[in-house]
Amino acid sequence: PPEEVEDASETTKRDRSHLESTLKLNEDKPADDFSGILQRLRKIYHSSIKPLEQSYRYNELRQHEITDGEITSKPMVLFLGPWSVGKSSMINYLLGLDDTPYQLYTGAEPTTSEFTVIMHGPKLKTIEGIVMAADSARSFSPLEKFGQNFLEKLIGIEVPHKLLERVSFVDTPGIIENRKQQERGYPFNDVCQWFIDRADLIFVVFDPTKLDVGLELEMLFRQLKGRESQIRIILNKADSLATQELMRVYGALFWSLAPLINVTEPPRVYVSSFWPHEYHPDTHKDLFLKEEISLLEDLNQVIENRMENKIAFIRQHAIRVRIHALLVDRYLQTYKDKMTFFSDGELVFRDIVEDPDKFFIFKSILAKTNVSKFDLPNREAYKDFFGINPISSFKLLSQQCSYMGGCFLEKIEKAITRELPDLLGSIGLGKKPNVLSCDITGCGETPKNRYRRP
């Protein structure tokens, strides 16, 4: 139909019907009731994982305790990337906040200096970070540990939107800035890591007209290690380039990212313009629309699989806690073996911490149990860890057993190999079987010897 003349002065808006249909915003289907499964998940966590976590102070190694609020929280979608690539515009577009008083502020300058959490609420309102962190029912209470300066940079916005009943969005300050981290006044990378560890989907957004893959981006991808299956790369504002130019940028991006992401399957890249305005004439409108719909389907998939993802997340956490406990146990055992009546404990231990390989600490863990070498923490981290936590303050795993409660190690292994996969299976009964293949969740890992001499 011919456009109305008065409309031509503004840019015309695109039709939003594909958003509504792909994200099922008009369906009034009852929400799946997962409360029983969440109860069981909490019980497994508290009885089988947390005791070992506390006993070996895992939280001080990875800054990662899990609160009940986090076990029951909605899936979280995290937006990362340089400033002014359109992260906030994309959230405004997905939620239809444009031209409302609550749209996120956007512009060419670095506009977002806060971590903004967009979540569901009965009416539009903003919540200060200090209030969010104080509420233990929300999943953000652990953020208190990053200090007052950070909480002033955290803001929540509640919006009564159908999509937010099922998912929350987090907008982050532009990552790639030349300012030093100290100037922010809080540990920016640690805060990013906290959100990355918990996100169900991570959109890394780029502007193809100013693609700069530098050191900060390398830092970012180092932080994203192990989360590759959650990453989606977005070449936004794609209609601002001619096709040939866009192809070049696409190639350059992959070339730069290849060394940073070492997985067999490359991350999915979406090429489109995520905002409400019509695409530029003479650009690939059909392609951009199809790409946008695939991205929305991806988002919908995360919402549908939220329970599986939650269980897999707790299981991954349990695997890390178990490896940490085995390592501390091994350090302690080595220390006890080396100590004689006359030795100076501190010197003996310093020797072990400085050169754990001399004592086969990490290798023995690989040899003894089903531990993937990719899950092993870094040796340097243990220097810091034991700097704060003296080795003599820990007990051996073999002593962490009680007549009634059983052994900590056995309980966590049972959770990893049996209880959590069983819980996963109980959801899968009514769902499509392909979603729950063990390739994704690694259900039946049995201990095997991964350490063989070549």
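These are my notebook entries on a predicted model of a single chain.

**Entry 1: overall picture**

I began with the make-up of the chain, which has 17 helices and 10 strands. Of its 454 residues, 47% count as buried. I then looked up how far apart in sequence the contacting residues are. Among contacts between residues at least 6 apart in sequence, 79% join residues at least 24 apart.

**Entry 2: confidence**

Before going into detail I checked the pLDDT. The chain averages 79, and 82% of the residues score at least 70. Which elements mark the two ends of the range in mean pLDDT? Helix α17, residues 438–441, has the lowest mean at 42, while strand β5, residues 168–171, has the highest at 93.

Two stretches got a flag from me. Residues 2–10 stay under 50 in pLDDT, and the model gives them two contacts beyond four places in sequence. Over residues 432–454 the pLDDT is also below 50, and this stretch has 30 contacts in the model beyond near neighbours in sequence. A reminder to myself: where pLDDT is low, the predicted coordinates should not be read in detail.

I picked R40, which is found in helix α2. With a relative accessibility of 43%, R40 counts as partly exposed. Its C-alpha lies 9.5 Å from that of E419, although R40 and E419 are 379 residues apart in sequence. Leaving out residues up to four places away in sequence, R40 touches L423 and S426.

Next I moved to R57, in the loop between α2 (35–55) and α3 (58–62). I noted its backbone: R57 has a positive phi of about 50° although it is not a glycine. Is R57 buried, exposed or partly exposed? At 26% relative accessibility, R57 counts as partly exposed.

**Entry 3: α11 against α12**

Here I looked up a helix pair. The axes of α11 (residues 285–304) and α12 (residues 306–338) cross at roughly 70° and come within 5 Å. The two helices are therefore roughly perpendicular to each other. On the α11 side the contact is made by V302, I303 and E304, and on the α12 side by R306, E308 and N309. Sorted by class, the α11–α12 contact has two nonpolar, one polar and three charged residues.

I stayed with V302 of helix α11 for a closer look. V302 counts as buried because its relative accessibility is 8%, and the cut-off for buried is under 20%. What does V302 touch, not counting residues up to four places away in sequence? Its partners are P75, D200, L201 and N309. L201 is 101 residues from V302 along the chain, and their C-alpha atoms are separated by 7.3 Å.

**Entry 4: α15 and its two sides**

My next stop was helix α15, residues 379–388, where Y382, F385 and F386 are buried. Why do I place these three on the same side of α15? They cover an arc of only 90° around the axis, which puts them there together. On the other side of α15, I found D384, G387 and I388 exposed.

**Entry 5: α13 against α15**

I then asked how α15 sits against α13. Helix α13 (residues 345–354) packs on α15 at an angle of about 155°, with the axes 9 Å apart. That makes α13 roughly antiparallel to α15, because angles over 145 degrees fall in that class. F349, V353 and E354 in α13 meet Y382, K383 and F386 in α15. By class, I noted four nonpolar, no polar and two charged residues in this contact.

Last, I went to D375, in the loop between α14 (361–368) and α15. D375 counts as partly exposed, with a relative accessibility of 28%. Which residues does D375 touch, not counting those up to four places away in sequence? They are Q316, I319 and I323. For D375 and Q316, 59 residues apart along the chain, I noted a C-alpha separation of 9.6 Å.

How values were computed: Residues are numbered from 1 along each chain as its sequence is written. This is a predicted model: local features need pLDDT of at least 70, side-chain atom pairs count only at pLDDT 80 or more; totals for chains, interfaces and linings use all residues. Side-chain values use heavy atoms; hydrogens and water are left out. Buried means under 20% relative accessible area, exposed over 50%, partly exposed in between (1.4 Å probe, protein chains only). Helices (H or I, at least four residues) and strands (E, at least two) are DSSP runs, numbered from the N terminus. The arc is that of the directions from the helix axis to the C-beta atoms. Contact means heavy atoms within 4.5 Å. Axes are lines fitted to C-alpha atoms, for helices over the stretch in contact, and angles run from 0 to 180 degrees between N-to-C directions. Angles under 35 degrees count as roughly parallel, over 145 as roughly antiparallel, 65 to 115 as roughly perpendicular and the rest as oblique. Ala, Val, Leu, Ile, Met, Phe, Trp, Tyr, Cys and Pro count as nonpolar, Asp, Glu, Lys and Arg as charged, and the others, Gly among them, as polar. pLDDT is the predictor's confidence in each residue, from 0 to 100.
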